[in-house]
Amino acid sequence: MTPAPGRAVVVGGGIAGVTAALRLADAGMRVTLLEGRPRLGGLAFSFRRGDLTVDNGQHVYLRCCTAYRWFLERVGATDLAPLQDRLDVPVLDVAAPGGPRLGRIRRGGLPVPLHLAGGLARYPHLSLAERARVARAALALKKLDPADPALDGIDFATWLGRHGQSPRAVAALWDLVGVATLNARAPQASMALAAMVFRTGLLSEPGAADIGWARVPLGDVHDTLARKALDEAGVATELSARVRHIGRGEDGRWRVDAGSGPLEADTVVLAVAQREAHALLPSGALDDPDRLLDITTAPILNVHVLYDRKVLRRPFFAALGTPVQWVFDRTEAAGVRQGQYLALSQSAVQDEIDDPVAALRERYLPELERLLPAARGARVLDFFVTRERNATFAPAPGVGRLRPQARTRAPGLYLAGAWTATGWPATMEGAVRSGFGAADAALSTLGRRHEHPLQEAA
């Protein structure tokens with residue numbers, strides 16, 4: 001006998017909420033998705049600035065991000081966010097002795113860990129002794145269990161120091177990757193999350209770290225195509241519908257009060273940021289709800305520069321010896337017909353997230369000229385910044401014990417969001433996995449048969 005379709009309300013239309021809504025709808029539930037903003041996508045969105053279509057920030061994913069790859073396939077966007085055939089990251093050091101020097105982080109086709117051996121041997125930004133110590137540290141890292149609670153209590157820098165990593169090795173390799181994926185430098189990063197990133201991304205299988213990114217505006221994927229997929233799945237999506245209260249009605253069912261009026265449901269998934277979740281959680285839903293307030297946040301700054309000519313030949317590169325971290329060519333995606341549009345992605349920037357645009361312009365334009373000689377004769381047509389002061393949860397040591405599971409103490413109420421206990425840092429992958437977790441917990445409670453999209457994450 002097929003169970004009658006239950007009613008679910010998902011609060012929050014970011015990647016986690018959209019994932020949960022799709023999974024519940026695919027299992028035959030009647031789902032309403034409520035999003036307070038006038039669009040879907042959470043913090044991975046686009047907006048218009050004159051003739052430009054601008055992403056609020058540069059987002060990438062890796063081949064090992066199997067959950068986000070499921071999301072792309074589910075919304076019909078796989079071809080719009082292709083992966084590299086093989087990991088290849090240009091790294092330009094403008095402070096190298098003798099002048100700027102270009103190196104590359106590459107992988108080969110050999111099995112793990114030999115797939116990185118050739119690239120590491122030729123990486124010019126480390127000495128021969130530093131490369132050897134990096135290799136030994138990588139082998140030690142591969143033996144760790146990221147789920148070990150003891151690892152969450154120490155910082156990544158301490159572990160790297162114990163394993164012979166020089167400050168140069170930390171800057172030129174470990175932080176080069178870690179800052180972009182964790183949004184924290186090694187001293188501020190939980191060893192458990194760092195181990196998860198490096199073991200999964202670099203040491204799980206040869207192609208795990210191949211990089212993918214959207215060649216179209218993020219809004220095309222996380223808003224337009226996500227909304228289409230939700231519509232086709234039968235999800236009722238309400239935008240600009242801010243939820244004011246979640247509680248139980250007299251009949252024991254959940255009641256969600258939003259701008260459009262109250263909704264009743266058997267299942268509620270709360271897929272919003274941790275502070276918003278704390279404000280909406282009914283009494284008794286968590287043993288210690290104030291722990292959510294102890295999950296602090298970290299900022300990301302994006303610097304956007306439109307030049308009157310082409311100044312960068314590569315699709316992206318990382319930088320050393322400069323405040324610039326990662327530079328991406330967003331010309332085609334933004335709809336630029338003349339000139340070139342570059343986006344600088346700057347993570348872990350607590351010291352400059354509130355700096356005035358004029359100060360950031362004075363800081364970053366000369367740095368781009370150091371990195372890109374062609375920029376020295378180019379005219380800047382536009383310069384602006386986008387700031388996400390609470391871009392991610394801070395992956396600080398001890399954060400693991402603060403992150404809640406999807407299932408709460410209140411029957412029928414579940415949590416989703418990259419800040420929940422996914423085992424991943426605050427990434428699009430973590431957001432999708434949290435949506436899986438909330439939906440699967442709800443469906444299991446309701447006794448509905450369902451198959452997890454990823455066998456390895458089931």
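Modeller: In what follows, contact means heavy atoms within 4.5 Å. This is a predicted model, and that should be kept in mind throughout.

Biologist: Leaving aside its neighbours within four places in sequence, which residues is T32 in contact with?
Modeller: T32 is found in strand 2, and because its relative accessibility is 4%, under the 20% limit, T32 counts as buried. One of its partners is R7, whose side chain is joined to that of T32 by a polar contact of 3.1 Å. With neighbours within four places in sequence left aside, the residues in contact with T32 are R7, A8, V9, V10, A236, E238 and L263.

Biologist: How many bridges join strand 1 to strand 2, and what is the bridge partner of V9 in strand 2?
Modeller: Strand 1 (residues 7-11) and strand 2 (residues 30-34) run parallel, and five bridges join them. Within strand 2, the bridge partner of V9 is T32.

Biologist: Which strands stand at the edges of the open sheet?
Modeller: The open sheet is formed by five strands with parallel pairing, in the order 9-2-1-13-19. A strand with a single partner strand has one side left without a neighbour in the sheet, and this applies to the two edge strands, strand 9 (236-238) and strand 19 (413-415).

Biologist: What does the twist of that sheet average from one strand to the next, and what angle does the direction of helix 13 make with that of strand 19?
Modeller: From one strand to the next, the twist averages 15 degrees. Helix 13 (residues 428-445) packs on the sheet, where it touches strand 13 (267-270) and strand 19, and the angle between the directions of helix 13 and strand 19 is about 160 degrees.

Biologist: How is helix 2 oriented relative to helix 9, roughly parallel or roughly perpendicular?
Modeller: The axes of helix 2 (residues 66-74) and helix 9 (residues 218-233) come within 9 Å and cross at roughly 70 degrees. Because angles of 65 to 115 degrees count as roughly perpendicular, helix 2 is, relative to helix 9, roughly perpendicular.

Biologist: Which residues of the two helices meet, and how do they divide by class?
Modeller: On the side of helix 2 the residues are Y68, F71, L72 and R74, and in helix 9 they meet V221, H222, A229 and A233. By class, the contact of helix 2 with helix 9 has six nonpolar residues, one polar and one charged.

Biologist: How many residues of strand 14 are buried, and which residue of strand 18 stands opposite Y307?
Modeller: Strand 14 (residues 297-307) is largely enclosed by the rest of the structure, because 10 of its 11 residues are buried. Strand 14 runs antiparallel to strand 18 (residues 380-393), with 10 bridges joining the two. In strand 18, the residue that stands opposite Y307 is V380.

Biologist: Which residues of strand 17 are buried on each side?
Modeller: Strand 17 (residues 340-347) pairs with strand 14 in the antiparallel sense over eight bridges, and four bridges join strand 17 to strand 16 (residues 326-329), also in an antiparallel arrangement. In a regular strand the side chains alternate between the two faces of the sheet. Both faces of strand 17 are covered, with buried residues Q340, L342, L344 and Q346 on one side and, on the other, Y341, A343, S345 and S347.

Biologist: What covers the buried residues of helix 8, and which residue caps its N-terminal end?
Modeller: Helix 8 (residues 191-203) is mostly covered, with 10 of its 13 residues buried. The cover of these buried residues includes strand 5 (60-62), helix 4 (128-142), helix 5 (149-152), helix 6, helix 7 and strand 18. At the N-terminal end of helix 8, a side-chain oxygen lies 3.2 Å from the backbone nitrogen of A192, and the capping residue is S190.

Biologist: Is S166 buried or exposed, and how far does a polar atom of its side chain lie from the backbone nitrogen of A169?
Modeller: S166 lies in the loop between helix 6 (156-162) and helix 7 (167-182). Because its relative accessibility is 15%, under the 20% limit, S166 counts as buried. The distance from a polar atom of the S166 side chain to the backbone nitrogen of A169 is 3.0 Å.

Technical notes
Residues are numbered from 1 along each chain as its sequence is written. This is a predicted model: local features need pLDDT of at least 70, side-chain atom pairs count only at pLDDT 80 or more; totals for chains, interfaces and linings use all residues. Side-chain values use heavy atoms; hydrogens and water are left out. Buried means under 20% relative accessible area, exposed over 50%, partly exposed in between (1.4 Å probe, protein chains only). A polar contact is a pair of N or O atoms within 3.5 Å; within protein, one must be able to donate a hydrogen and the other to accept it, and residues adjacent in sequence count only if both atoms are side-chain atoms. Two strands pair if DSSP finds at least two bridges between them. Axes are lines fitted to C-alpha atoms, for helices over the stretch in contact, and angles run from 0 to 180 degrees between N-to-C directions. Angles under 35 degrees count as roughly parallel, over 145 as roughly antiparallel, 65 to 115 as roughly perpendicular and the rest as oblique. Ala, Val, Leu, Ile, Met, Phe, Trp, Tyr, Cys and Pro count as nonpolar, Asp, Glu, Lys and Arg as charged, and the others, Gly among them, as polar.
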